[in-house]
Amino acid sequence: MEDGPSMVKVDQGGNQGSLCRGRRCFPKALGYITGDMKEFANWLKDKPQVLQFVDWVLRGISQVVFVSNPISGILILVGLLVQNPWWALNGCVGTVVSTLTALLLSQDREAEFSVPEQLHYTTLGKEVPPVSLPVNWEIGSAGLWALFVPSGFSPGVLMTAFAKSFLQLLKSLPVGVGQIYGCDNLWTGAIFLGAILLSSPLMCLHAAIGSLLGIAAGETALSAPFEDIYVGLWGYNSSLACIAIGGMFLALTWQTHLLALACGEYPVHLGEQSLVGLPSCTWPFCLATLLFLLVTTKNPNIYRMPLSKITYSEENRIFYLQTKKRMMESPLY
């Protein structure tokens, strides 16, 4: 009779252990499909070349938003199909051709299909002083406000406009991310955000924040036409800039997060200055990001990632913290 309860306790303990193992197994399995899926890339190394090529193409599709994840690439393809099957086909053809070209030119495969090589900035190694860039930026922002805000502007008019078009403005947030690929479909933008989220929640957060900053700056500071805002034309450059500074090329700290917010707002003003009526494309993002990356500082919390170590925001932050720890433990510190 006394053995009964003890047996029950043993059984319950065994069941709890199996449940705990199951719970640990789920995050581990999730880790294989998030981030940059490095384990999957290693597993493919001794597999047929065709499978590796498909992996490279899918990663190339996703690297437009700084992501190197084949599943994210599949989701982005789905989003392009939702927008327009012809666009999806052209996107695949373009990525396949560029990948084949890289192979024919005997480019290093591991480097060629990594984020740093796809998004290589040749000026990162230059020592360029910041001079009066922050002051010029503030003056320029104030001057643009005076130039583009119509006469008779009042906070009441602005609040009424926001109240009437709140739903449209809310929809324009994912559409702004979708415009990175030239898509103005709401569901396509939402799928793109999901693809970024799968690889890096921090990058997804900054993508959404950047799009929101572009919307807010376009409507309030520059009085952009509502039609342009609704189709995401004011969000995509800001979204890319916010991702780039908020954890990709600079390790994420609260200081670099604030820099990302500033950089995310800046392309809106650059985009307004498009020359001779030509579309600005992603020039505002490129110029704004390069300007912020070329700023030098002795603040240890603003850490510029080595190009060879860039992966995704979470992993970049881990590398930064490990480097900081080694520096503090060094006798020369």
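Modeller: Residues 56–80 have their end C-alpha atoms 18 Å apart, and this span is 72% helix and 0% strand. Here helices (H or I, at least four residues) and strands (E, at least two) are DSSP runs, numbered from the N terminus. The model is a predicted one, in which local features need pLDDT of at least 70 and side-chain atom pairs count only at pLDDT 80 or more, while totals for chains, interfaces and linings use all residues. Residues are numbered from 1 along each chain as its sequence is written, and side-chain values use heavy atoms, leaving out hydrogens and water.

The span 56–80 is one of those that UniProt, in an unreviewed entry, lists as "transmembrane region"; the others are 144–167, 187–217, 229–254 and 274–295. UniProt positions are given in the numbering used here, with feature names shortened, and such annotations may be inferred rather than shown by experiment. In the span 229–254, the end C-alpha atoms are 29 Å apart, with 62% helix and 0% strand.

Helix H3 covers residues 49–62. Its 14 residues reach 20 Å from first C-alpha to last, close to the 20 Å expected at 1.5 Å a residue; the expected span is 1.5 Å times one less than the number of residues. Among the buried residues of H3 are Trp-56, Val-57, Leu-58, Arg-59, Ile-61 and Ser-62. Buried means under 20% relative accessible area, exposed over 50%, and partly exposed in between, with a 1.4 Å probe and protein chains only.

Phe-66, Ile-76 and Leu-80 are among the residues with the most contacts inside the largest nonpolar core, which has 55 residues; Tyr-181, Ile-196 and Met-203 are also on that list. Helix H14 (residues 236–248) gives the most to this core, eight residues. A nonpolar core is a set of buried Ala, Val, Leu, Ile, Met, Phe, Trp, Tyr and Cys residues joined through side-chain atoms within 4.5 Å. Met-203 touches Val-65, Phe-66 and Val-67, as well as Ile-196, Ile-243, Met-248, Tyr-312 and Ser-313, not counting residues up to four places away in sequence; contact means heavy atoms within 4.5 Å.

Phe-66 also forms one aromatic cluster with Phe-249 and Phe-285. Rings of Phe, Tyr and Trp (its six-membered ring) pair if their centres lie within 6.5 Å; planes under 30 degrees apart count as stacked, over 60 as edge-to-face and the rest as tilted. The count by this rule is five aromatic pairs. One of them is the stacked pair of Phe-40 and Trp-43, at 6.0 Å centre to centre and 25° between the planes. These two residues are about one helical turn apart, because they are three residues apart in helix H2 (residues 38–43). Trp-43 is partly exposed, at 48% relative accessible area. The charged end of Lys-47 sits over the ring of Trp-43, 4.3 Å from its centre; this requires NZ of Lys or CZ of Arg within 6 Å of the ring centre and within 35 degrees of the ring normal.

As for the whole protein, there are 17 helices and zero strands, and 39% of the 333 residues are buried. Of the contacts with a separation of 6 or more, 71% are between residues 24 or more positions apart.
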